[in-house]
Amino acid sequence: MVYTAKGGMAVKEEIQALLGPTAVLGRNLLYFEEIRSTNTYAKELAREGAPEGTVVVAGCQTAGRGRMERTFQSPKEKGLYLSALLRPDLPPERLLPVTALAGVALCEAVEKTCGVRPGLKWPNDPVMGGRKLSGILTEMTGGALVLGIGVNVSQSLEDFSPDVASMATSLVIEVGHPVSRAALAASLLEALDRMYQALLAGDLAAYLASYRRDCVNLGRRVQLLSPDGGRETVTAVGIDEAFGLVVRTDSGQERTVCSGEVSVRGLYGYVE
């Protein structure tokens, strides 16, 4: 079930009033008070032929999803839950960096809105204070790409369930004052639009430089967690041209790992 917010039109109009010029994103903006998942709905819209640049924003998700079908907690009016529908005419290999690029775009949006810049835990988790601030989920359906981003904005520590409380944070916790979800949404759409134009043009040098600067793993000992349960402790030493993580083993050998084959965890916490 999906229904339009009480006051949802006001939220939509506030985002649109704050949104600067964009080439694609935000031309068709939909706002819902409650929805199962903005990504799921955007994928339905894609199959129905919705135009590129359609954006779905929700005040609450009842079945928010992250990578590997993990649940993304989406309490009412506590976060920004947004999915954008794109139709890039690019070969699949050109789309591989999209989630990493979206992480850089989110960092830009938070910096513009709050005056502080998050870091990035490889491959695409924005973090502040050593904890996860945001989740990013990219999905393909037919020829369309749906990019979903959830940002913890107004949660207190008590708002997080026990299973994520030790690794999650919000903008309010980190900056110490209220943050406008509408302003953050507008800034994020602007940043994603710039990112998308760079992706289409194949000009990602500035994003790669930003990613390397923002990545909190570099120079640290990390654990590589494989899907079969294996763990390996290595040192993260760089990011390659394809946004892969370059690691050095204890024997001194270097290799690059991809997000599809491993995930990364700190030795003593989510990042550390």
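**Note on the predicted model**

1. Glu139 is a buried residue, its relative accessible area being 13%. The model discussed here is predicted. Glu139 belongs to strand β7, which spans residues 134-141. Its side chain forms a polar contact of 3.0 Å with the side chain of Asn39. A further polar contact, at 3.4 Å, joins the side chain of Glu139 to that of Lys43. Between Glu139 and Thr62 there are 77 residues of sequence separation and a C-alpha to C-alpha distance of 19 Å.

2. On confidence, the chain has an average pLDDT of 91, and 92% of the residues score at least 70. Residues 1-7 stand under 50 throughout, and the model has 15 contacts for them beyond four places in sequence. Where pLDDT is low, predicted coordinates should not be read in detail.

3. Ser170 is placed in the loop that runs between β8 (144-152) and α4 (171-175). Is Ser170 buried or exposed? Its relative accessible area is 0%, so Ser170 counts as buried. The side chain of Ser170 reaches the backbone oxygen of Gln155 at a distance of 2.6 Å. With residues up to four places away in sequence left out, Ser170 touches Leu133, Asn152, Val153, Ser154, Gln155 and Phe160.

4. Helix α6 covers residues 205-214, and its buried residues are Tyr207, Leu208, Ser210, Tyr211 and Asp214. These residues lie on the same side of α6, because the arc they cover around the axis is only 160°. The exposed residues Ala205, Ala206 and Arg213 are carried by the face turned away from that buried side. Against which elements do the buried residues of α6 pack? Their partners are helices α3 (98-114) and α5 (181-201), together with strands β4 (119-121) and β10 (231-239).

5. The largest nonpolar core comprises 66 residues, and Trp122, Val151, Leu171, Leu192 and Tyr211 have the most contacts inside it. Helix α5 gives the most to this core, contributing 12 residues. Another core, of 11 residues, lies apart from it and includes Ala42, Val56, Leu85 and Val146. In soluble globular proteins, nonpolar side chains tend to be buried together.

6. How many aromatic pairs does the structure hold? There are 2 aromatic pairs. In one of them, the ring centres of Phe32 and Tyr41 are 5.2 Å apart and the planes stand at 80°, so the pair is edge-to-face. Phe32 is buried, with a relative accessible area of 10%, whereas Tyr41, at 21% relative accessibility, counts as partly exposed.

7. The pair formed by Tyr211 and Phe243 has ring centres 5.5 Å apart and planes at 90°, so this pair is also edge-to-face. Tyr211 is part of helix α6, while Phe243 sits in the loop between β10 and β11 (245-248); the pair therefore ties together parts that are 32 residues apart in sequence. Tyr211 counts as buried at 0% relative accessibility, and Phe243 counts as buried at 7%.

Technical notes. Residues are numbered from 1 along each chain as its sequence is written. Side-chain values use heavy atoms; hydrogens and water are left out. Buried means under 20% relative accessible area, exposed over 50%, partly exposed in between (1.4 Å probe, protein chains only). Helices (H or I, at least four residues) and strands (E, at least two) are DSSP runs, numbered from the N terminus. The arc is that of the directions from the helix axis to the C-beta atoms. Contact means heavy atoms within 4.5 Å. A nonpolar core is a set of buried Ala, Val, Leu, Ile, Met, Phe, Trp, Tyr and Cys residues joined through side-chain atoms within 4.5 Å. pLDDT is the predictor's confidence in each residue, from 0 to 100. A polar contact is a pair of N or O atoms within 3.5 Å; within protein, one must be able to donate a hydrogen and the other to accept it, and residues adjacent in sequence count only if both atoms are side-chain atoms. Rings of Phe, Tyr and Trp (its six-membered ring) pair if their centres lie within 6.5 Å; planes under 30 degrees apart count as stacked, over 60 as edge-to-face and the rest as tilted.
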